2 protein chains.
Amino acid sequence: MSKEITSREQDYSQWYNDLIIKAGLADYSAVRGCMVIKPYGFALWENIQSQLDKMFKETGHQNAYFPLFVPKSLFEAEEKNAEGFAKECAIVTHYRLKSDPENKGKLIVDPEAKLEEELVVRPTSEAIIWSTYKGWIQSYRDLPILINQWANVVRWEMRTRLFLRTTEFLWQEGHTAHATKKEAEEETVQMLNVYAEFAETYMAMPVVKGVKTENERFAGAVDTYCIEALMQDGKALQAGTSHFLGQNFAKAFDVKFADKENKLDYVWATSWGVSTRLIGGLVMAHSDDDGLILPPKLAPLQVVIVPIYKGDDQKQLIDEKVNALLKELKAAGVRVKYDDSDNNRPGWKFAEYEMKGVPVRIAIGARDLANNVVEVARRDTKEKMSYSIDGLSQNVIQLLEDIQITIFNKAKNFRDEHITKADTWEEFVKLLDEKTGFIAAHWDGTGETEDKIKELAKATIRCIPLDNQQEEGKCILTGKPSSQRVLFARAY
Amino acid sequence: MSKEITSREQDYSQWYNDLIIKAGLADYSAVRGCMVIKPYGFALWENIQSQLDKMFKETGHQNAYFPLFVPKSLFEAEEKNAEGFAKECAIVTHYRLKSDPENKGKLIVDPEAKLEEELVVRPTSEAIIWSTYKGWIQSYRDLPILINQWANVVRWEMRTRLFLRTTEFLWQEGHTAHATKKEAEEETVQMLNVYAEFAETYMAMPVVKGVKTENERFAGAVDTYCIEALMQDGKALQAGTSHFLGQNFAKAFDVKFADKENKLDYVWATSWGVSTRLIGGLVMAHSDDDGLILPPKLAPLQVVIVPIYKGDDQKQLIDEKVNALLKELKAAGVRVKYDDSDNNRPGWKFAEYEMKGVPVRIAIGARDLANNVVEVARRDTKEKMSYSIDGLSQNVIQLLEDIQITIFNKAKNFRDEHITKADTWEEFVKLLDEKTGFIAAHWDGTGETEDKIKELAKATIRCIPLDNQQEEGKCILTGKPSSQRVLFARAY
């Protein structure tokens with residue numbers, strides 16, 4: 001019945017692409033590495049946005065908007081940040097096209113409209129924002145500044161994947177300014193916790209909270225905190241990052257404030273972001289070979305009702321019951337649709353809504369009605385149940401809550417089963433190849449060893465978990481002493 | 001008391017800039033022609049967005065997202081559209097920076113990272129969207145497509161003004177595809193009506209609905225409908241446009257569909273948009289020399305409460321009353337703030353909230369409490385009233401509704417008084433110079449005359465009003481016969 005999608009076993013990567021396209025989340029575009037987010041995918045993003053936005057505002061942040069372009073001289077001010085992003089920047093060099101004298105109806109870049117200073121299309125906004133904050137901050141009274149922006153950014157990636165890695169993507173980036181180191185550090189951790197709570201409670205996607213090694217740190221940060229999720233193929237996905245930027249950007253843009261004693265000091269900074277990549281993670285964390293499985297809290301459509309009938313009389317009886325149910329469910333805030341279109345048969349609809357990952361499907365037939373029951377199918381387990389029409393809306397709401405928890409627990413069990421200790425190099429590589437998942441192993445703490453492991457085993461250190469257990473051991477590669485295990489994985 | 005802003009009489013244009021900056025709506029940026037939208041301005045935009053988005057969804061539209069970049073070959077496909085925007089396009093030509101060998105720590109564009117095909121930063125998205133729709137539309141069953149996107153666009157403007165005309169701006173652009181001309185025309189008018197309703201009901205800004213002359217039409221459109229508002233200086237502002245695109249883009253991108261009889265035809269299109277320019281219009285339509293006047297329906301903050309007290313005992317009594325009031329107002333959905341910060345004195349706060357255009361201010365003093373009253377000041381008329389504490393929240397909600405209507409009526413009276421008929425050229429020019437506003441005058445219907453009038457009088461035809469009265473007359477400039485008056489004005 002269902003549209004053809006490759007199975008996960010056959011080709012996980014192709015399964016993912018098929019799913020994104022056939023469930024109508026996104027489409028390829030005419031622009032290299034950029035995608036079109038289709039209405040169903042965008043509705044998912046809107047639900048993600050609206051919940052995160054609420055959580056940002058509850059923690060005292062306000063939204064604002066800064067320019068898309070960063071003049072090159074500002075872009076290069078914070079050297080590490082500039083160095084980190086220089087290789088993947090789209091650059092605007094001209095501001096006009098003109099008719100091609102040799103080719104009627106065609107246009108060419110007007111060589112006379114060359115910019116004096118090139119503009120970088122923002123890959124991230126620290127530079128443009130801190131050059132602005134300089135004008136806003138004089139004294140401790142101007143602090144903290146707690147700003148977020150929802151925006152598009154561009155990073156010229158060589159290999160792209162729908163949602164997971166695209167040249168242009170949508171994200172939010174928080175940029176805060178503080179009077180003390182302590183306050184900035186607390187902000188960094190607070191936002192990490194917001195991300196983790198969002199991932200687990202709304203996306204039903206368990207995450208490990210940790211800190212990145214120096215090699216994996218955001219360019220320009222003093223510390224990068226992250227949440228790391230595990231996909232069904234055993235690969236890790238960085239789902240969000242929160243950076244403690246120290247005084248790096250304040251120094252690069254000369255942003256000082258006068259404290260209560262009128263002493264000047266550089267301002268402390270954080271930045272933090274999540275992107276449309278979350279949708280890729282959401283898809284890969286839960287879905288199966290029949291299509292998407294979406295957590296009810298974020299699903300654009302939570303319940304679909306399909307009538308099964310012969311003739312207008314039966315249809316009319318079903319309509320009456322359904323209208324009452326729709327009213328109750330909508331009043332309770334449930335996103336519900338009654339699909340009584342007669343373009344397609346029920347079986348087609350069932351497969352279609354399975355593909356789209358609608359958590360609950362209710363089928364109502366004439367015979368069911370006579371028995372005062374309906375057939376309720378849950379997308380996650382594919383279980384079918386007979387529910388009484390009495391109290392149906394309450395039971396459906398309860399079922400949505402159950403599904404949210406069930407898919408979280410399933411993902412969590414999978415994740416927990418896939419954190420494995422390795423104490424020898426052979427074991428380490430074997431686990432990566434065969435069991436996959438996070439490998440907890442000792443590491444000597446050097447970037448050189450980290451690079452070497454990446455080269456040999458294609459695995460990176462995903463994070464040093466917060467509140468990590470301290471334990472004497474020997475580096476998996478070099479045998480040098482180590483005081484704790486870190487989490488390695490192959491990653492998206 | 002209030003921060004210095006230039007008065008309207010002294011210099012209207014400077015008054016506007018002062019207001020935007022001092023009320024904290026926006027700031028200049030380091031990027032030529034681009035602005036920073038500050039949190040207070042962005043909160044206004046969020047309120048505009050959320051209401052419009054609701055209205056778009058109620059009329060059956062869904063949001064999606066298309067790439068920021070348009071490959072040059074797609075951009076030039078619809079010739080008129082390309083020609084119209086070619087002169088103001090930011091062009092990406094390279095995708096990498098590298099270290100400057102002659103200047104340590106600096107970056108230069110890497111000449112080896114030149115794009116094979118240049119990318120235009122979207123000034124509008126018809127081209128990229130219709131190149132995508134081609135893949136989505138085969139039959140009448142795929143129609144209509146009713147999509148909107150919230151996005152940033154870039155138009156390289158030579159003279160920029162905060163909100164009114166900026167190189168980058170935020171907007172929404174609807175792009176719909178239809179099986180019939182009639183349906184596309186109805187969509188065009190429907191969205192014009194949505195814009196007009198939004199402008200009048202939410203922005204409290206009366207608008208004239210009309211159609212543009214050929215000269216003023218959107219590049220690539222068959223017809224451009226618009227809403228035109230009048231600012232306090234008597235200049236017109238185009239506040240939104242809705243375009244009937246005919247089959248122009250379908251032809252340019254070869255988008256055909258099979259109808260029920262399996263006959264192939266080109267698809268019919270519309271596009272429609274409003275932008276952050278609305279904020280400029282909102283500011284200029286209502287505000288005065290003391291600051292912003294915002295319509296309650298869109299004001300980020302609708303009510304501010306300021307305590308006036310000596311000592312903790314008085315403060316505590318006031319707090320108790322205010323907390324009860326806050327609870328009632330918040331439960332009713334009112335955006336309210338209790339400003340009991342002791343950094344600033346009440347007089348400073350009064351001036352600050354006047355500058356920011358908060359519609360209602362409540363001052364509560366210890367003596368008032370003894371009399372069971374508070375002082376309520378409305379921002380629009382600056383009237384101060386004594387309100388009983390009994391039933392206060394209900395009366396404040398009523399007052400907000402009154403203010404919304406009052407400022408609309410005030411703007412409407414001003415607008416109606418500034419639509420003046422002119423029957424001779426001398427009269428026409430005198431009215432434009434002295435009375436300002438819309439001048440209703442006959443025009444011979446040619447683009448040449450329109451251009452000449454623009455050159456001589458610096459006025460453009462803002463629109464031919466919908467349901468315009470038909471009336472014999474002679475063109476104001478050429479004396480040639482005309483069948484209706486059109487609305488001229490000097491405009492932003």
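**Sheet pairing and the two-chain contact**

Pro307(A) has Ile364(A) as its bridge partner in E19(A). This pair belongs to a predicted model, in which local features need pLDDT of at least 70, side-chain atom pairs count only at pLDDT 80 or more, and totals for chains, interfaces and linings use all residues. Residues are numbered from 1 along each chain as its sequence is written, while chains are lettered from A and ligands numbered from 1 in the order in which they are written.

Strands E17 (residues 303–308) and E19 (residues 360–365) of chain A run parallel and are joined by 6 bridges; helices (H or I, at least four residues) and strands (E, at least two) are DSSP runs, numbered from the N terminus, and two strands pair if DSSP finds at least two bridges between them. Both sit in an open sheet of 5 strands with mixed pairing, ordered E18-E17-E19-E20-E21 in chain A. E18 (336–338) and E21 (384–388) of chain A each have a single partner strand, so one side of each edge strand lacks a neighbour in the sheet. From one strand to the next, the twist averages 25°. Helix H10 (residues 346–355) of chain A packs on this sheet, touching E17 and E19 of chain A, and its direction makes about 170° with that of E17(A) (axes are lines fitted to C-alpha atoms, for helices over the stretch in contact, and angles run from 0 to 180 degrees between N-to-C directions).

The contact (C-beta atoms, placed from the backbone, within 7 Å) takes 53 residues from chain A and 53 residues from chain B. Strand E5 (residues 91–94) of chain A gives the most to its side, with 4 residues. E5(A) runs antiparallel to E5 (residues 91–94) of chain B, joined to it by 3 bridges, with Ile91(A) partnered by His94(B). Because 100% of the interface residues of chain A are also interface residues in chain B, the copies meet through the same surface.

As for confidence, the complex gets an ipTM of 0.97 and a pTM of 0.97 from the predictor.

Terms used. Two residues are in contact if their C-beta atoms, placed from the backbone, lie within 7 Å.
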